[in-house]
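Work through these exercises with the structure open beside you. Try each task before reading its solution.

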Amino acid sequence: MISKEINAAITIAYRDIIKLFRDKTRLVFIMIFPVIFIGIIGGMFQQNLGQNIKYNYQMYVFIGIIVQSLFSTSVNGLVSLVRDREEDFTQEMFVAPISRYTIIMGKILGSGFISVLSILGIVLYGLILGLPITFVDIIVLAPVLLISVLLGGAFGLLIIGNVSSQQTVNLIFPFIMFPQMFVSGVITPVNKSGLILTILSHLAPLTYLIDLAHGLLASYREEYAGLTIYSPLTNIIIILVIFILFVFIGTFAFARKEKTK
Amino acid sequence: MINNSIIQVKNLVKKYHKSEKNSVDDISFEVFEGEFFAFLGPNGAGKTTTISILTTTLNKTSGDIKIAGFDIEKQSKFIREKIGIIFQKPSLDLNLTAEENIRLHSSLYGLNTFKPFFSMMDKKYQDKVYQLSEVVGIKDELFKEVKSFSGGMKRKLEIVRSLIHNPKILFLDEPSTGLDPVSRNELWQYLKEVRDNEKTTIFLTTHYLEEAEESDRVCIINNGKIERLGTVNELKNDLISEEIIINSVEKDNLLAEIKSKNYNYRINPNNKDIVLHDNNLSSFKIIKSIETDLNKLEIIKPTLEQAYINLIKLNKN
């Protein structure tokens, strides 16, 4: 039998996956929303502004949306623990003879799987659009996708460690997630922004993921050069530091909140 | 045979951050292996706080607790392996089927390697799920989503789930809240079977005091402190006596006789019966001593509920 903790993490992940498949509306929304986003935003920008830029704009948005999708689905997965807490299901997990870290790992694993599912629609749509995606692109970007899931999970953990109710989550979530889409470089490059936007970009964890993805692409595709803020190595270091910080602060706050009242 | 202590609580204190007084205020007690222990008290007395601490979901402020020989602070994971819990509010995932809820629990407790389908689980697990669900009467609903279940069925499912890992101690935090009388009766019948067959220790909190009548010992907590701890009979004897209801066609003579014998009595305002209470003699001796012919005689055995109400009222005054 596999390790008890790994078994428990898989169990927790499976629960989130099965719940997604039972919720057809959510399933359709997760897969369709990014496609609509690329179709409308990407198409509009490509047709109106794309003529004046040297890179394929839809490809730029395509990569941004994939990373953003993975990141936000992963955040959502972790934040679902707040709903579990309100529905009293966390009690069942917290009295099980497993570590609190296993619960978090299971949540990250489950939301990771859902994230991957969410990008299937995007990839399919990208292929239909005839975007110049190569095998090398997939190999180079694969680690970024994994890192996006992990950082999303860590960011979600930071949120649930400091938020108690679903109502608060509903209230703050749009303020935390939606602006990141614009300041992190998902839609347009942000390396030449003014001071305020630059500060906002640097505050958004998603920025470093998008920057890393575009930076890696630029390392062998010249047309994407000059669009990033930092080098891939710098981005990796920053991501590692904020990942450790988020996990440490989030787990501590979460475990403390559950047991200390 | 009840002898070994399985829960030891010494000087337990819990003070919530925003509270000025202790919710649990320096309580100590023991629960013995195989015992049915009822932990009673009015709302806000500290019952749920205590049970939350004992089930490792809440930190204590101070005190020492050992459960099944393990220290609650240092070995809580081992304790969680030994206990089963039925929470005050159902903690089921309503979007999963009954069986999926059980499978999730079983895998979290490390009894089985998790498999995505019931048919893939090992036969031992399948047999146990069928057996337990049949006993509590939810076998036909095993593969239905829990959101379609009534309150009674959810409770039954929680019982199956809490017993799947053969816990040594079963914590029941107001388990019959929201259940109709039939479901409540079925629940207790099944728990009795579990206790008889598995010798499981039961730690119960409840507002339905008739549920605690069968317990081995009762602990009454109020304002965070233990008011009484003893067997049901000890509590009844301490707090309330039997009542004898009598009447006669010669009521004036009967009253005069009772007064002459200095018996404590009151008159029932509804039917004017004479109720003899709180006398130091046994009911048998009192009845034997009355010479007036009686046309009514009833002996009312005290209930735990009466004893409990008396105690709580006594403390309010």
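**Exercise 1: A residue in a helix**

Asn7(A) has its place in helix α1 of chain A. The model is a predicted one.

Task: Decide whether Asn7(A) is buried or exposed.

Solution. 
- Step 1. Count the other C-beta atoms within 10 Å of Asn7(A): there are 22.
- Step 2. Recall the cut-off: 20 or more such atoms make a residue buried.
- Step 3. Conclude that Asn7(A) is buried.
- Step 4. Now look along the chain. Asn7(A) and Gly106(A) are 99 residues apart in sequence. In space, their C-alpha atoms are 9.2 Å apart.

**Exercise 2: Where the chains touch**

Task: Find which helix gives the most to the side of chain A that touches chain B.

Solution. 
- Step 1. Start with the whole contact. Chain A puts in 25 residues and chain B puts in 28 residues.
- Step 2. Look for elements of chain A that supply at least two residues to this side.
- Step 3. Pick the top contributor. α1(A) gives the most, with 10 residues.
- Step 4. Sort the residues on the chain A side by type. They divide into 13 nonpolar, 4 polar and 8 charged.

**Exercise 3: Checking a helix**

Task: Compare the reach of helix α9 of chain A with its expected span, then say how enclosed the helix is.

Solution. 
- Step 1. Helix α9 of chain A covers residues 205–218, which is 14 residues.
- Step 2. From first C-alpha to last, α9(A) reaches 20 Å. That is close to the 20 Å expected at 1.5 Å a residue.
- Step 3. Check burial. In α9(A), 13 of the 14 residues are buried, so the helix is largely enclosed by the rest of the structure.

**Exercise 4: A covered strand**

Task: Which strands pair with β8(B) in the parallel sense, and what is the burial of its two faces?

Solution. 
- Step 1. Take one partner. β7 (residues 169–173) pairs with β8 (residues 201–205) of chain B in the parallel sense, over 5 bridges. Here Asp173(B) has Thr205(B) as its bridge partner.
- Step 2. Take another. β3(B) pairs with β8(B) in the parallel sense over 3 bridges. Phe37(B) has Phe203(B) as its bridge partner.
- Step 3. Look at the faces of β8(B). One side carries Thr201(B), Phe203(B) and Thr205(B), the other Ile202(B) and Leu204(B), and all are buried.
- Step 4. Look for a helix over the strands.

Methods: Residues are numbered from 1 along each chain as its sequence is written. Chains are lettered from A and ligands numbered from 1 in the order in which they are written. This is a predicted model: local features need pLDDT of at least 70, side-chain atom pairs count only at pLDDT 80 or more; totals for chains, interfaces and linings use all residues. Two residues are in contact if their C-beta atoms, placed from the backbone, lie within 7 Å. Helices (H or I, at least four residues) and strands (E, at least two) are DSSP runs, numbered from the N terminus. Ala, Val, Leu, Ile, Met, Phe, Trp, Tyr, Cys and Pro count as nonpolar, Asp, Glu, Lys and Arg as charged, and the others, Gly among them, as polar. The expected span of a helix is 1.5 Å times one less than its number of residues. A residue is buried if 20 or more other C-beta atoms lie within 10 Å of its own, exposed if 12 or fewer, and partly exposed in between; C-beta atoms are placed from the backbone. Two strands pair if DSSP finds at least two bridges between them.
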